[in-house]
Amino acid sequence: MRVVVVGDGFAGITAAIALQERRHDVLLLERRGLLGGRATSMRDALSGEDVDNGTHIMIAGYQGTLDLIRRAGAEDLLQVQDNLRIDYVDDGGYSTLACPPLVAPLHLLAGLLGLRVPWSVRWQALRLGLAVRFGAPPQGITLAEYFRRTGQGEQARRLLWDPLAIAILNETPEKAAAILFWNVYRAAFLTSHAASRLVFLKRGWGVLHERLARYLEARGGVIRRRALVEAIEIADGRVNGVRYSQRAESRAGIRAGKPAEGKTAPADAVISAVPWSVLPDLLPPERRAQPPFAGAARLAGSPIVSVEMWLDRVVVDRPMVGLRDSEMEWAFDKGRIFGRAGAPQHLAFIVSAAWRSAPRPNAELVAAAEGALRRYFPAMKDATVTRSLVLREAEATFASDPEAEALRPTTRTPIQGLYLAGDWTATGLPATIEGAVRSGLAAAGAIEAP
């Protein structure tokens with residue numbers, strides 16, 4: 001079967017690989033020269049280090065993603081914690097959630113005993129865990145409402161749940177759909193102690209995508225970069241191809257100003273793995289107002305801001321730390337994660353659901369990151385910021401509110417041969433890499449299903 005996959009994010013590459021492994025004829029079209037979609041990286045020209053378009057981390061419970069990476073032979077890029085450990089810092093110093101290798105969820109309860117929080121917060125955390133384990137799924141309500149119903153007070157939210165929830169959902173609990181946090185909590189903390197461990201990449205996400213691309217191409221799949229898809233062609237209620245503009249792929253062609261070439265790829269099936277905001281423009285006008293496409297067009301985006309910073313000395317002495325009561329919510333030592341110790345220290349700061357941060361000037365965001373370092377880390381007293389970058393992703397994820405849950409489409413569409421994939425489809429998960437991978441697997445499976 002001839003299959004065209006549109007979009008080389010995790011959803012698209014997963015679907016393409018799954019279909020190529022099953023001996024289908026697969027063409028993957030990506031509009032940019034850089035692979036990875038909304039989880040990619042670039043090589044910094046000055047430092048030579050990878051810079052992600054926002055730091056993305058996984059948990060070991062993301063079995064679909066980890067299996068994909070293993071099949072592609074890219075396990076060497078993974079760095080998996082022995083046991084879940086999350087460090088936090090505030091004006092009182094460090095506090096650590098360190099979970100021993102006990103049967104889930106006892107590992108989380110044991111970890112909470114060592115975390116510097118009041119006993120009332122520990123009891124509230126236990127209450128939440130029991131509600132998630134034995135209670136009904138919280139359909140149709142916000143996470144803030146679910147926290148209220150399960151007795152989570154202001155301290156429990158500030159010290160425990162809000163930082164995790166915002167990082168996972170890229171939305172505030174006041175807006176986010178509770179069911180998404182509920183599903184992630186169960187996957188991370190109620191299956192096994194190993195599932196909750198954090199997984200980092202030893203290189204940038206773009207490097208991983210290049211490895212996935214090589215695996216696809218080695219099996220006979222074809223990737224066309226800088227292929228700007230203009231339309232999914234439909235006749236008599238079914239897809240028959242994709243029309244696209246192929247721009248120069250090589251550096252020589254780009255420098256020479258080689259003109260774009262209009263092309264059509266015939267297809268028995270098409271998987272659209274583009275963002276919700278892009279999909280309508282690829283369809284005939286009369287289809288855009290029909291379900292599920294009309295609902296997808298009503299989804300909104302949520303921004304992420306990241307600040308990359310280089311220091312003349314080591315200031316943060318661990319790979320990842322949560323910054324309590326700070327605009328910059330998390331700091332990552334990218335040099336350490338990438339296997340490089342010592343100065344210069346390359347840090348990445350993340351602000352999720354960055355509605356207030358995104359419009360601010362770069363200088364203010366860099367100052368906020370530097371201010372957090374000077375506030376919480378004594379070693380910053382004599383340190384100097386040698387360089388910084390600010391990255392903004394206006395639609396880093398879909399806005400995961402309860403209304404969006406009703407709009408997220410399944411992989412099948414009313415158009416025969418057209419399938420949808422992406423972390424914004426109805427995966428049951430928030431906009432995570434695992435959600436994207438699962439959607440790609442679902443789309444590939446749907447093509448082969450009767």
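Asp52 sits in strand β4 (residues 50-52); strands here are DSSP runs of E with at least two residues, helices are runs of H or I with at least four, and both are numbered from the N terminus. Before going on, a word on the model: it is predicted, so local features need pLDDT of at least 70 and side-chain atom pairs count only at pLDDT 80 or more, while totals for chains, interfaces and linings use all residues. Residues are numbered from 1 along each chain as its sequence is written, and side-chain values use heavy atoms, with hydrogens and water left out.

Back to Asp52. Its relative accessibility is 2%, so Asp52 counts as buried (buried means under 20% relative accessible area, exposed over 50%, partly exposed in between, with a 1.4 Å probe and protein chains only). The Asp52 side chain makes a polar contact of 2.9 Å with the side chain of Lys334, and it also reaches the backbone nitrogen of Trp205 at 3.1 Å. A polar contact is a pair of N or O atoms within 3.5 Å; within protein, one must be able to donate a hydrogen and the other to accept it, and residues adjacent in sequence count only if both atoms are side-chain atoms. Setting aside neighbours within four places in sequence, Asp52 is in contact with residues including Thr40, Ser41, Glu308 and Leu391, contact being heavy atoms within 4.5 Å.

Trp205 turns up again around Phe10: leaving out neighbours within four places in sequence, the contacts of Phe10 include Trp205, Leu208, Leu212 and Val437. Phe10, Trp161 and Ile271 have the most contacts inside the largest nonpolar core, which has 94 residues. A second, separate core of 29 residues includes Val6, Ala267, Trp276 and Leu420. A nonpolar core here is a set of buried Ala, Val, Leu, Ile, Met, Phe, Trp, Tyr and Cys residues joined through side-chain atoms within 4.5 Å.

Trp161 is also where helix α6 bends, by about 50°, with Pro163 following within four residues. The bend is the angle between axes fitted to the seven residues ending at a residue and the seven starting there. Helix α6 (residues 154-169) has 16 residues, yet its end C-alpha atoms are only 19 Å apart, short of the 22 Å a straight helix would reach at 1.5 Å a residue; that expected span is 1.5 Å times one less than the number of residues. Among the buried residues of α6 are Arg157, Trp161 and Asp162. Just after α6, Asn170 takes a positive phi of about 50°.

Strand β9 (residues 198-201) is covered on both faces, with Leu198 and Phe200 buried on one side and Val199 and Leu201 buried on the other. β9 runs antiparallel to β5 (residues 58-59), joined by 2 bridges, and Ile59 stands opposite Leu198. β6 pairs with β9 in the antiparallel sense over 3 bridges, where Leu78 has Leu201 as its bridge partner. Two strands pair if DSSP finds at least two bridges between them.

| Residue(s) | Feature | Loop |
|---|---|---|
| Ala104 and Pro105 | cis peptide bond, omega about 0° | Pro105: between β8 (93-98) and α3 (106-114) |
| Pro291 and Pro292 | cis peptide bond, omega about 0° | Pro292: between α10 (285-288) and α11 (293-297) |
| Arg226 | positive phi of about 55° | between β10 (222-224) and β11 (227-235) |

Arg226 is partly exposed, with a relative accessible area of 23%, whereas Ala353, at 12% relative accessibility, counts as buried.
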